[in-house]
Amino acid sequence: MRFRFLMLLAVAVAPACGGGSSGSATTPTAPSTTAPTTTATTPAATPAPSLSLAGTWTGTFVPVGGTSPEPVTWVATQTGTSVTGPFTITLNGNRGNGAATLSGTLSGTSLALTYSFTTRPGAPAGCTESGVGTITNVTASAISGQIQRTYTAACASAVPSLTPTPDQLSLTK
């Protein structure tokens, strides 16, 4: 009789302890606490310039070792670290003005410059003068350093030499 009583007790208690009709126990699971992850994409910002070079600059352009400075004017506009604008050189001996675009990229206090003359009085057809250089220690009011000047072969009759020459560019604002 005892055996029957224990059996009845076991059958009566089993459903209350989590057993089901299949007789297997289940363990409840805790709710998930992990939040879904999302990745936000931020557009790259234009680097802020360390100097403002926009404005009108005047100065001289002199071949290294030369004694005849040629007056120059640069009207610069600036977007971020890019600087560009018309560059005018007054040629010595009343030869008129040369017109170019002077462009550069500012990195800290260094300015990588390039220019190419589009108009040069007295130059033969196909003659192009250009220059390139990186000037260091640029300030918001002074740019001074060397630019390597080169000519195309068509300039042979208009310039003393086609050999590239380093020229001193000095500008103030």
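Reader: What ground rules apply to the values?
Author: This is a predicted model, where local features need pLDDT of at least 70, side-chain atom pairs count only at pLDDT 80 or more, and totals for chains, interfaces and linings use all residues. Side-chain values use heavy atoms, with hydrogens and water left out, and residues are numbered from 1 along each chain as its sequence is written.

Reader: What share of the residues in the protein is buried?
Author: Buried means under 20% relative accessible area, exposed over 50%, and partly exposed in between, with a 1.4 Å probe and protein chains only. The protein has 173 residues. The buried share is 24%.

Reader: Which residue is the bridge partner of tryptophan 57?
Author: Two strands pair if DSSP finds at least two bridges between them. Strand 1 (residues 55-63) and strand 2 (residues 70-79) are antiparallel and share seven bridges. In strand 2, the partner of tryptophan 57 is tryptophan 74.

Reader: Which residue in the turn between strand 1 and strand 2 has a positive phi?
Author: The two strands form a hairpin with six residues between them. One turn residue has a positive phi of about 85 degrees. That residue is glycine 65.

Reader: Which residue in strand 8 stands opposite valine 62?
Author: Strand 1 also pairs with strand 8. Six bridges join these two antiparallel strands. Opposite valine 62 stands glutamine 168.

Reader: Which residue in strand 8 is the bridge partner of glutamine 146?
Author: Strand 7 and strand 8 run antiparallel. Eight bridges join them. The partner of glutamine 146 is glutamine 168.

Reader: Which residue of the hairpin of strand 6 and strand 7 takes a positive phi near 60 degrees?
Author: Four bridges join these antiparallel strands, and serine 130 stands opposite threonine 150 in strand 7. The hairpin has six residues between the strands. The positive phi belongs to asparagine 137.

Reader: How far apart are the C-alpha atoms of isoleucine 143 and serine 170?
Author: Isoleucine 143 lies in strand 7. Its relative accessibility is 0%, so isoleucine 143 counts as buried. Along the chain, isoleucine 143 and serine 170 are 27 residues apart. Their C-alpha atoms are separated by 5.8 Å.

Reader: Which cysteines form a disulfide?
Author: A disulfide is a pair of cysteine sulfur atoms within 2.5 Å. By this rule there is one disulfide. Its sulfur atoms are 1.9 Å apart, and its members are cysteine 127 and cysteine 155.

Reader: How many residues apart are cysteine 127 and cysteine 155?
Author: Cysteine 127 sits in the loop between strand 5 (110-119) and strand 6 (129-135). Cysteine 155 sits in the loop between strand 7 (142-151) and strand 8 (165-172). Both cysteines are buried. The pair links distant parts of the chain, 28 residues apart.

Reader: Is the disulfide right-handed or left-handed?
Author: The torsion about the S-S bond of cysteine 127 and cysteine 155 is about 105 degrees. The disulfide is therefore right-handed.

Reader: How many residues apart in sequence are arginine 149 and glutamate 129?
Author: A salt bridge is a side-chain nitrogen of Lys or Arg within 4 Å of a carboxyl oxygen of Asp or Glu. Arginine 149 and glutamate 129 form one, with the closest N and O atoms 3.4 Å apart. Arginine 149 lies in strand 7 and glutamate 129 in strand 6, so the pair ties together parts of the chain whose separation in sequence is 20 residues.

Reader: Which residues are linked in a network of salt bridges?
Author: The count comes to two salt bridges. Aspartate 167 forms one with arginine 149, the closest N and O atoms being 2.3 Å apart. Aspartate 167 and arginine 149 are both buried. The network links Glu129, Arg149 and Asp167.

Reader: What volume does the largest pocket have?
Author: On a 1 Å grid over the protein atoms alone, a pocket is an open set of points where a 1.4 Å probe fits, with protein on both sides within 12 Å along at least five of seven lines. Grid points are joined across faces, edges and corners, and a volume is the space filled by probe spheres set on the points. For the largest pocket this is about 280 Å³.

Reader: Which lining residues are the closest to the centre of the largest pocket?
Author: Lining residues have an atom within 4 Å of a point. The largest pocket has 13 of them. The closest to its centre are Pro63, Arg120, Arg149, Tyr151 and Pro160.
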